[in-house]
Amino acid sequence: MANSKFAYVRSFELPDPLLPSTYIVCRLDGRSFHKFTDVHGFLKPNDERGLGLMDRAAEGVMTELRDVVLAFGESDEFSFLLKKHTTLYNRRESKILSSILSILTAHYVFHWPDFFPETKLQYPPSFDARIVLYPGEQEVRDYFAWRQADTHINNLYNTTFWALVQQGDLTPTAAHAELSGTVSAQKHEILHGRFGVNYNNLPERYRKGSVLVRKPVNKRPRSRQPPPWDGTSGEVEVLHVDVIADEFWEQRPWLLR
Ligand SMILES: Nc1nc2c(ncn2[C@@H]2O[C@H](COP(=O)(O)OP(=O)(O)OP(=O)(O)O)[C@@H](O)[C@H]2O)c(=O)[nH]1
Ligand SMILES: [Mg+2]
């Protein structure tokens, strides 16, 4: 057969399965979003439209890939958690990573006009992605706590920085110098004392990031047999929770099953 002479090249395609019974987390991050947000006139430090669009794109991922049970987003990044025993694409790393990446990017572009009706896309935005495997529940909990701590730290810094620049008329260099070595209480004090801003009254989405949670199936099966179900319904809920810590996971045990 004509084909057989060439078919050996297939053997160069190596399998890339992710370890079974581990938690798969895929994190995406906007490529050069410093420039992208500047070119498209995003408000500083937080643009409600931009963050809403990221949430919408992440929801697209969760709608298309039912095994994604949780997502957390801040700034230009989103992390997706797949259910522990997922068999999506036979757990092939490249398939899972590239699918999540392209679904999010496509939704970001597709929904752009809904969030930025007045702003034409000047060039195609893109994202990078990585997959990390976590062996147990504790690492998964700590992972999301880590990302959310990052949100708190960055947002407090950025909010104070831009208040000093925009309202305090400091140069960016002077604002950086003023904030250098300050702890969070001092930043709260600068915001409150000098600009009358109570940080805790800023929108939750800015301070806490966005959490997208797959809702559980509510229906009880007729028979006593456990249903052959994957533990999740299709519905996705968008939350802005204080801390993604113990209580959060205990209230939603299906996420780590
Ligand atoms: N003005 C504005 N900028 C934002 C907003 N969200 C994200 N950004 C920008 O996006 C950047 C995200 O940080 P990084 O991911 O570290 O930087 P990056 O330029 O995307 O660089 P790479 O990720 O390394 O490609 C921030 O530094 C901001 O410049 C927003 O709501 N408003
Ligand atoms: Mg980035």
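1. Pro-45 sits in the loop between helix 2 and helix 3, where helices (H or I, at least four residues) and strands (E, at least two) are DSSP runs numbered from the N terminus. A cis peptide bond, with omega about -5°, joins Lys-44 to Pro-45. Another backbone feature concerns Ser-21, in the loop between helix 1 (4-7) and strand 1; the phi of Ser-21 is near 55°, a positive value in a residue other than glycine. For background, most residues other than glycine have a negative phi, and most peptide bonds are trans.

2. This is a predicted model, in which local features need pLDDT of at least 70 and side-chain atom pairs count only at pLDDT 80 or more, while totals for chains, interfaces and linings use all residues. Residues are numbered from 1 along each chain as its sequence is written, and chains are lettered from A and ligands numbered from 1 in the order in which they are written.

3. On confidence, the mean pLDDT (the predictor's confidence in each residue, from 0 to 100) of the protein chain is 92, and 92% of its residues reach 70 or more. Over residues 227-231, however, the pLDDT is below 50, and this stretch has eight contacts in the model beyond near neighbours in sequence, a contact being two residues whose C-beta atoms, placed from the backbone, lie within 7 Å. Where pLDDT is low, the predicted coordinates should not be read in detail. For the complex, the predictor gives an ipTM of 0.99 and a pTM of 0.91.

4. Six strands make up an open sheet with antiparallel pairing, in the order 4-1-3-2-5-6; two strands pair if DSSP finds at least two bridges between them. Strand 4 (127-134) and strand 6 (236-239) stand at the edges with a single partner strand each, so one side of each has no neighbour in the sheet. From one strand to the next, the twist averages 15°.

5. Within the sheet, strand 2 (residues 68-74) and strand 3 (residues 77-82) pair in the antiparallel sense over six bridges, and Ala-71 has Phe-80 in strand 3 as its bridge partner. Helix 6 (residues 137-166) packs on the sheet, touching strand 1 (23-30), strand 2, strand 3 and strand 4, and its direction makes about 25° with that of strand 2. Such angles run from 0 to 180 degrees between N-to-C directions, the axes being lines fitted to C-alpha atoms, for helices over the stretch in contact. Helix 3 (residues 48-64) lies across strand 2, strand 3, strand 5 (210-214) and strand 6, and runs at about 165° to strand 2.

6. Which residues come nearest to ligand 1? Of the 17 around it, they are Phe-33, His-34, Thr-37, Phe-42 and Asp-47, where near means a C-beta atom, placed from the backbone, within 6 Å. Strand 1, helix 2 (33-39) and helix 3 are the elements that give two or more residues to this shell, and helix 2 gives the most, with three residues.

7. A UniProt record (unreviewed entry) places the feature "binding site" at Asp-29 and Asp-76, although such annotations may be inferred rather than shown by experiment. The two span 48 residues in sequence, yet their C-alpha atoms are not more than 5.6 Å apart, so they gather at one spot. Asp-29 itself lies in strand 1.
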